[in-house]
Every structure is written in structure tokens, then in C-alpha cells.
Amino acid sequence: MKGKLPAYGKSFFLSPTRKDGLQLTMMYEDNCVYTDLFVDRRFEGYANVVHGGMIFGVLDVILWYIILMETKKMAMTRKVEMEFYKPIMCDAHYRAQGKFIKIDKKDIHASAWVEDENAEVYARVNAIFREGKETDMTAILKRLDFSDTAPELKDFFLSLGREN
């Protein structure tokens, strides 16, 4: 499977209709979730540098998607370790991406990072998620925007609602 993933309808990071948000497009290919990232100065934290909270938020969304895609589990952030190696500048192009690592008992491990066009890593988060046992998958699926989602990926997401 590969292609555009559905956007959570009201997400600050993903919604295509939220003019105040980032309007990111999440893609899935080769067991990786990624988005091309260009953050304008609205989200500046210091002197043309993107606020670190914005970067963490983008990576957290990527982690949620990669865990869902690779495990079919709706998971929530439990613990993170975030490192910033270099400032991520406003009005510059980057790619944010994530990979599933493993499941160890109840802990779901994944990693996400931001890199430039030369694959130099600027920030990385290693995270542990836990499955959200009380999560209503059907309610979440109703909030997803499948407008431009590849048919195979749309079928994958909709099948998650049938499994519950």
C-alpha cells in the first residue's frame, strides 16, 4: 500500500480546511509515514526558528499514523524522548517521517524525525505508545477526510471499523 493518508477533519496539523493550521499531507510508503514540511513564520519560536512544540506535534501525529498502519492499533502517546540537533528554520523545506520499531508487551515503540533534502536529521523523537482500549474506532473513522486518499488505503482504514 502507498499513497495519501486520510486527514483527521479538525486537526490543527492536518485539516485541509483549517486556515490557522499547517494543512500537512501525510503519505504512506514502504512502511514509512512522511510529510513534506514547510512552516511559515506564524509558528516562529525564536528568530526565524520553528517553535519546538510545533515540531513535536508534527512528529507525534506521524507516530500515531505509523503505529496504526503497522499494527492496526489505535494508540496514545505514553512517553517520549525528544532531541533537537539543529534549529529547524521557518520558510525552509524539510521532510518529517516515522518508522514503527516494535511491540514489547504493552509498549509500542516508534521513532520519527525531521530531515533536510540531504537526509541530515534536525530533530528526532523516540516514543512509547499504548493501545487505547476504550477508543471508539468508528467515531474516529467518521472524522477522517478521505477526499484524496488512495482507494486501497481508504479500504484499509474502513476495515479497522469493521474489526471492532
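This is a predicted model: local features need pLDDT of at least 70, side-chain atom pairs count only at pLDDT 80 or more; totals for chains, interfaces and linings use all residues.
## A strand in the middle of things

Asp-107, His-109, Ser-111, Trp-113 and Glu-115 point one way from strand β9, while Ile-108, Ala-110, Ala-112 and Val-114 point the other way, and all of them are buried.

How many of the nine residues of β9 are buried? Nine of the nine are, so β9 is largely enclosed by the rest of the structure. Here, a residue is called buried when its relative accessible area is under 20%.

**The sheet around β9**

Let us step back to the sheet. Seven strands make up an open sheet with antiparallel pairing, and their order is β1-β3-β4-β8-β9-β10-β7. At the edges sit β1 (3-4) and β7 (75-84), each of which pairs on one side only. In general, strands of a sheet pair through backbone hydrogen bonds, either parallel or antiparallel.

In the sheet order, β9 sits between β8 and β10.

| Strand pair | Bridges | Facing residues |
|---|---|---|
| β1 and β3 | two bridges | Gly-3 and Tyr-28 |
| β8 and β9 | nine bridges | Ala-96 and Val-114 |
| β9 and β10 | nine bridges | His-109 and Ile-128 |

Two hairpins involve β9. The hairpin of β8 and β9 has two residues between the strands, and Lys-105 takes a positive phi near 60 degrees there. In the hairpin of β9 and β10, there are five residues between the strands, and Ala-119 has a positive phi near 65 degrees.

**A helix that meets the strand**

Now follow Leu-63, which lies in helix α1. Is Leu-63 buried or exposed? Leu-63 is buried because its relative accessible area is 0%, and the cut-off for buried is under 20%. Leaving out residues up to four places away in sequence, Leu-63 touches Ala-110, Ser-111, Ala-112, Val-125, Ala-127 and Phe-129. Leu-63 and His-109 are 46 residues apart along the chain, yet their C-alpha atoms are separated by 9.2 Å.

In soluble globular proteins, nonpolar side chains tend to be buried together. In this model, the largest nonpolar core has 51 residues, and those with the most contacts inside it are Leu-5, Met-26, Val-33, Leu-37, Tyr-65 and Phe-157. Several elements each supply at least two residues of this core, including β4 (32-38), β8 (93-104), β9 (107-115) and α3 (151-163). Which element gives the most to the core? That is α1, with 13 residues.

Setting aside neighbours within four places in sequence, Tyr-65 is in contact with Leu-5, Pro-6, Ala-7, Tyr-8, Leu-14, Met-26, Val-33 and Phe-157.

**The largest pocket**

The lining divides into ten nonpolar residues, three polar and one charged. Both α1 (52-71) and β7 supply at least two lining residues, and the largest share, five residues, comes from α1.

Conventions
Residues are numbered from 1 along each chain as its sequence is written. Side-chain values use heavy atoms; hydrogens and water are left out. Two strands pair if DSSP finds at least two bridges between them. Helices (H or I, at least four residues) and strands (E, at least two) are DSSP runs, numbered from the N terminus. Ala, Val, Leu, Ile, Met, Phe, Trp, Tyr, Cys and Pro count as nonpolar, Asp, Glu, Lys and Arg as charged, and the others, Gly among them, as polar. A nonpolar core is a set of buried Ala, Val, Leu, Ile, Met, Phe, Trp, Tyr and Cys residues joined through side-chain atoms within 4.5 Å. Buried means under 20% relative accessible area, exposed over 50%, partly exposed in between (1.4 Å probe, protein chains only). Contact means heavy atoms within 4.5 Å.
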